[in-house]
Amino acid sequence: MKIAVIGANGQLGSDTVIAFKGNGDEVTPLTHSDIELQDVESVSTCLQAVRPQVIVNTAAMHHVEKCEREPEKAFAVNGLGTRNLAMVARDIDAILIHVSTDYVFDGSKRSPYEESDVPFPLNAYGNTKLSGECFVRSTLEKHFVLRTSAIYGRCPCRAKGGLNFIDLMLKLARERGEVRVVDSEFITPTSTADLGRQMVALSRSEYYGLYHATAEGSCSWHEFAKEVFAISGTKVNLKVAGPNEFPAKVPRPKYSVLENRELKRHKLNIFKQWQDGVREYLYFAVRA
């Protein structure tokens with residue numbers, strides 16, 4: 001199939017390109033220099049030239065604090081930009097795979113969120129990503145909206161200083177010998193390599209709609225760090241951060257674990273336990 005990946009030089013986009021190429025697809029990687037989501041003419045001109053059968057959108061304004069400071073810009077990218085993409089996808093009869101976030105929920109449920117649960121974002125980032133979801137779902141039939149959580153991958157994430165959580169933990173352990181991490185926020189660490197492979201599997205189906213797409217299981221950030229150190233054999237003094245030791249500048253959900261209900265219902269779920277993804281990531285990191 002002909003695949004266009006938007007945000008192809010990002011943390012998720014780069015592994016998405018690898019996943020589709022590994023599947024034998026013809027992939028056109030698109031970056032900000034190729035396509036400007038806020039400009040519908042740019043979106044149309046670029047995609048009309050490529051004429052992909054599947055468009056994968058991994059691009060977003062996802063720095064949470066920056067989104068809170070600049071909500072209009074965040075909405076222009078995550079909301080209206082996504083609408084532009086959905087309209088053009090409809091015009092060229094392409095399937096759109098759009099990546100969203102666990103931050104559309106407020107974390108008050110305290111059990112894994114399913115696709116049928118009502119979203120209630122706590123911050124500008126979550127609100128603008130939810131608006132993007134709504135634009136996609138109301139604009140074209142042939143869509144997959146994927147909510148995911150706590151992603152990490154081999155490509156540096158520029159919006160977060162170039163280090164994912166795993167790399168940051170290992171860096172702090174080397175430099176300080178002691179690391180303090182909160183144990184009051186719960187997520188599901190999800191490998192971008194696995195998420196890319198999940199998108200390949202979905203692209204071959206016609207079960208269009210909204211999906212939760214994360215690794216299996218859940219943990220606190222502290223448990224995540226503990227597993228990273230255990231698998232990598234890193235000697236470090238890992239402690240639980242005290243209350244308000246790292247105060248959040250923007251409200252975030254304390255619990256944003258997702259259940260892949262719809263993927264399992266359609267027998268499309270390829271995800272393994274989150275620990276397996278961490279093990280694979282660290283294995284290839286060492287070999288690199």
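## Met169 in helix α6

Met169 sits in helix α6, which spans residues 165-176; helices here are DSSP runs of H or I with at least four residues, strands are runs of E with at least two, and both are numbered from the N terminus. This is a predicted model, in which local features need pLDDT of at least 70 and side-chain atom pairs count only at pLDDT 80 or more, while totals for chains, interfaces and linings use all residues. Residues are numbered from 1 along each chain as its sequence is written, and side-chain values use heavy atoms, with hydrogens and water left out.

Is Met169 buried or exposed? Met169 is buried, because its relative accessible area is 4%; buried means under 20%, exposed over 50%, and partly exposed in between, with a 1.4 Å probe and protein chains only. Setting aside residues up to four places away in sequence, Met169 touches Val179, Val181, Ala225 and Phe229, where contact means heavy atoms within 4.5 Å. Ile270 lies 101 residues from Met169 along the chain, and the C-alpha atoms of the two are separated by 27 Å.

## Two nonpolar cores

In soluble globular proteins, nonpolar side chains tend to be buried together. Here, the largest nonpolar core has 24 residues, and Val56, Leu146 and Met199 touch the most other members. Such a core is a set of buried Ala, Val, Leu, Ile, Met, Phe, Trp, Tyr and Cys residues joined through side-chain atoms within 4.5 Å. The elements giving two or more residues to this core are the strands β1 (2-6), β3 (54-57), β4 (95-101) and β5 (143-148), together with the helices α1 (11-22) and α7 (192-203).

Take a look at Val56: not counting residues up to four places away in sequence, Val56 touches Ile3, Ala4, Val5, Ile6, Thr16, Phe20, Ile97 and Met199. There is also a second, separate core of 23 residues, which includes Ile166, Val182, Ala215 and Val228.

## Leu12 and its surroundings

Leu12 belongs to helix α1 and counts as buried because its relative accessible area is 6%. Beyond its neighbours within four places in sequence, Leu12 is in contact with Thr58, Val99, Ile151, Thr192, Leu195 and Met199. Leu12 and Tyr152 are 140 residues apart in sequence, yet 7.9 Å apart in space from C-alpha to C-alpha.

## How α2 meets α4

Two packed helices are described by the angle between their axes and the distance between the axes. Helix α2 (residues 40-50) packs against helix α4 (residues 71-91) at an angle of about 35 degrees, and their axes are 9 Å apart. The axes are lines fitted to C-alpha atoms over the stretch in contact, and angles run from 0 to 180 degrees between N-to-C directions. The crossing of α2 and α4 is right-handed, a term used when the near helix is turned clockwise from the far one by less than a right angle.

Which residues of α2 and α4 meet? Val40, Val43, Ser44 and Leu47 in α2 meet Asn84, Leu85, Met87 and Val88 in α4. By class, this contact has six nonpolar, two polar and no charged residues. Ala, Val, Leu, Ile, Met, Phe, Trp, Tyr, Cys and Pro count as nonpolar, Asp, Glu, Lys and Arg as charged, and the others, Gly among them, as polar.

## Buried polar side chains

Asn78 is found in helix α4 and is buried, with a relative accessible area of 2%. The side chain of Asn78 makes a polar contact with the side chain of Thr128 at 3.1 Å. A polar contact is a pair of N or O atoms within 3.5 Å; within protein, one must be able to donate a hydrogen and the other to accept it, and residues adjacent in sequence count only if both atoms are side-chain atoms.

His212 lies in strand β10 (residues 209-212) and is buried, with a relative accessible area of 0%. A polar atom of the His212 side chain lies 3.4 Å from the backbone oxygen of Glu259.

Arg51 lies in the loop between α2 and β3, and its phi is near 55 degrees, a positive value in a residue other than glycine. Arg51 counts as partly exposed because its relative accessibility is 42%. Arg110, in the loop between β4 and α5 (124-139), has a phi near 70 degrees and counts as partly exposed at 46% relative accessibility.

Arg265 lies in helix α9 (residues 261-265) and counts as exposed at 54% relative accessibility. The side chains of Arg265 and His266 make a polar contact at 3.4 Å.
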